[in-house]
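Trainee: I have a model open and would like to understand the terms used for it. Could we go through them together?

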Amino acid sequence: MKAFLTHQAVCENCEVNLPGFSNSSAMESTVDNEEDMYRDAEEIEREKVLLVCERGSTENKLSVAPEMDIVEYCQKEWRGNTPVAKLMKKGYEAVSQKFACIRRVRGDNYCALRATLFQALSQATEQPNWLHSEDLMLLPEKLLSKYDWIKDWQHRGKLGRKMREIGDEIKEYLGLLRKKWKSVSEMKTPMEKQGACNELFKNEEEEYCLYEAVKFLMLNTAIELYNDNKEGKNVPVFSWLLFARDTSSNPKQLMNNHLNHIGHTGGLEQVEMFLLAYALRHTIKVYRLYKYSTDEFITHYPNDPEEDWPVVTLITEDDRHYNIPVGMCEETAV
C-alpha cells in the first residue's frame with residue numbers, strides 16, 4: 001500500500017503516511033510492516049508526563065524538552081542490536097556530525113507543526129513579508145465570504161459557532177502569530193530567541209492558537225493551489241497528489257477530513273508536510289533515520305524551494321514523530 005512521497009519517489013495511490021510517536025520496539029514493527037497508525041490517547045499522555053519540566057511543576061510543562069546530547073539520546077533509546085537498532089544508531093551518528101544535541105518534541109499529533117514552528121521562530125531574524133502584509137488580517141473574512149463551508153472549521157472542540165465568530169477567532173490567531181514572530185525576530189541573540197520560544201511553547205493556550213493560525217494558512221495555500229490548477233496554471237507536483245486522494249479531492253474535503261483532525265485524532269501526512277512548507281514559505285529539511293544509507297535519508301519539503309526561503313531542520317525515526325536537532329552548526333540554508 002505504501003510508497004513515501006519524497007524527492008525520489010511519488011506514491012502511486014497518494015496515500016501518504018503521517019507522523020506520530022513510537023518507541024524503539026514500536027519502531028521495529030513500523031519498519032517491518034510499514035503500518036499507518038496514529039498514537040493512542042494513553043501513549044500521548046505518557047509523552048506529556050515525560051516532557052514535564054524537571055522542576056516538578058505541572059504548570060511548567062514543556063512542549064519542547066531541553067537539549068540532550070544526541071549520542072546519549074540514541075544510546076538511551078536504541079540499546080539493542082537488532083537490524084533496526086543498528087540502523088538508527090548509524091543514522092544518529094551521521095546526524096551527530098552536524099548537530100550536537102536533540103530536543104524531544106511532545107507527540108500529541110501536533111508534533112510536525114510544533115517542531116517546524118519552534119525552529120522557524122527560534123532562528124527568525126526578521127518578520128516575513130507575507131506575515132507583515134495587511135492582507136493577512138483580511139484573509140479570514142475574504143475566504144469565509146467565498147466559501148461558506150469554512151464555517152465547519154474546528155478548533156479544539158469548539159462547535160456550533162457563527163461564521164462571524166469563526167472569522168474573528170482566526171483573525172485573532174493570525175494576529176498572535178504575527179506578534180510573536182515579530183517579537184522573537186527582533187531579539188538580538190540566539191539565547192534570547194531560544195528563551196522566548198521556551199516560554200511560548202509551554203503556554204498551551206497561546207501555543208495551540210498558533211497552530212490554528214498555521215493550519216488556516218495551510219488551508220489558504222491549498223485553496224490557491226487548487227484554483228491555480230483549475231485555471232491551468234503551473235502548480236507543484238505535491239498539489240496534484242494532495243487533491244488526488246479520495247479524502248481530499250478539493251479544499252473542503254481537505255479541511256473536513258484532514259486539517260480539522262490535526263492535533264486531535266491525527267497528525268500531518270507526508271504530502272501535507274509540503275503544504276506546511278509552502279504555507280510558511282520555509283524549506284523543511286528532515287533527517288529520516290530509518291532511510292539511512294539511501295537517497296531519502298535527507299528529504300526536503302519542497303525539494304525545489306525558493307532561494308530566499310529559510311530552512312528549518314527536523315529529525316524523524318519513522319515519518320510520524322518529529323524531534324529537533326540543535327547545536328554545533330545549525331543549518332540555515334540547504
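Trainee: Which residue in β6 stands opposite Cys-101?

Mentor: Val-326 does. This is a predicted model, where local features need pLDDT of at least 70, side-chain atom pairs count only at pLDDT 80 or more, and totals for chains, interfaces and linings use all residues. Residues are numbered from 1 along each chain as its sequence is written, and side-chain values use heavy atoms, leaving out hydrogens and water.

Trainee: What makes β2 and β6 a pair?

Mentor: Two strands pair if DSSP finds at least two bridges between them; strands are DSSP runs of E with at least two residues, numbered from the N terminus. Here 3 bridges join β2 (residues 101-103) to β6 (residues 322-326), so the two count as paired, and they run antiparallel.

Trainee: How do you know that Asp-108 and Arg-114 form a salt bridge?

Mentor: The term asks for a side-chain nitrogen of Lys or Arg within 4 Å of a carboxyl oxygen of Asp or Glu. Their closest N and O atoms are 2.8 Å apart, so the pair qualifies.

Trainee: Why is Asp-108 called buried?

Mentor: Buried means under 20% relative accessible area, exposed over 50%, and partly exposed in between, using a 1.4 Å probe and protein chains only. Asp-108 has 6%, so it is buried; Arg-114, at 0%, is buried too.

Trainee: And why is Glu-134 called exposed?

Mentor: Its relative accessibility is 55%, so Glu-134 counts as exposed. Its salt-bridge partner Arg-178 has 16% and is therefore buried.

How values were computed
Helices (H or I, at least four residues) and strands (E, at least two) are DSSP runs, numbered from the N terminus.
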